[in-house]
Amino acid sequence: MTEQASVSWPVLRQGSTGPDVTALQFLLRGARDQWRTLAADGVFGPATDSVVRGFQSIAGLTVDGVVGPTTWQRLTDGTTIGSTVRAGDRGEYVKAAQTELLKHGDLKSTAQVDGVFGPDTDTATRRFQERVALAVDGVVGPATWRQLISRAGR
C-alpha cells in the first residue's frame with residue numbers, strides 16, 4: 001500500500017475541535033449561500049451539525065451528522081461543490097485549504113488565511129505536495145485535499 005493510500009480521513013462529529021473542523025466549516029460555508037453564516041471557529045457544535053446534515057441530505061448521503069470518509073470525499077471531490085482551488089481563486093474553499101496548509105506549517109500565520117490564493121498559498125501548496133509525494137501542480141484538488149485533511153499537522 002502506498003503512503004498516499006494509507007492515510008485515513010478523520011472522523012468528525014459534535015464535540016470535535018481543531019483545524020480540520022475549521023476547514024470543514026469553510027468548505028460548508030462555500031457550498032451554499034445560506035450556510036455562509038456558519039462560524040469557522042474550529043468547534044463542531046450544533047450549528048455545524050445542522051449544516052453537515054443539510055450537506056449530507058443534498059449530496060444524497062446518509063444523514064447522520066458524522067463527517068467520515070464518504071462525506072469528506074463528496075466535500076473535496078471538486079464536483080459536488082466545486083472545492084478544487086488554484087492560484088487566482090478566492091473564497092471559502094481557499095480559506096479551507098489555507099487552514100490546512102497552516103496546520104502543516106506550510107503557511108506561517110493565521111493572517112495568511114485570507115481567502116486569496118496568491119503567491120504564498122501557491123508556494124505553500126507546492127511545498128506540501130512535494131513533501132507528501134503528490135504531483136506538484138499547485139492545485140488543491142481531491143488528492144491534495146485528502147493528504148491535507150488526513151495527515152496530522154506539524
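Reader: What should I know about the model before reading it?
Author: The model is predicted, so local features need pLDDT of at least 70 and side-chain atom pairs count only at pLDDT 80 or more, while totals for chains, interfaces and linings use all residues. Residues are numbered from 1 along each chain as its sequence is written, and side-chain values use heavy atoms, with hydrogens and water left out.

Reader: How many helices and strands are in the protein chain?
Author: The protein chain has 7 helices and 0 strands, where helices (H or I, at least four residues) and strands (E, at least two) are DSSP runs numbered from the N terminus.

Reader: And how much of it is buried?
Author: Of the 154 residues, 49% are buried, meaning under 20% relative accessible area with a 1.4 Å probe, protein chains only.

Reader: Switching topic, how many aromatic pairs turn up?
Author: The search of the whole structure gives 1 aromatic pair, and in it Trp9 and Trp72 are stacked, at 5.8 Å centre to centre with 10 degrees between the planes. Rings of Phe, Tyr and Trp (its six-membered ring) pair if their centres lie within 6.5 Å, and planes under 30 degrees apart count as stacked, over 60 as edge-to-face and the rest as tilted.

Reader: Why does that pair tie parts together?
Author: Trp9 sits in the loop between α1 (3-6) and α2 (19-31), whereas Trp72 belongs to helix α4 (residues 69-76), so the pair ties together parts 63 residues apart in sequence.

Reader: Are those two buried or exposed?
Author: Both Trp9 and Trp72 are buried.

Notes: Buried means under 20% relative accessible area, exposed over 50%, partly exposed in between (1.4 Å probe, protein chains only).
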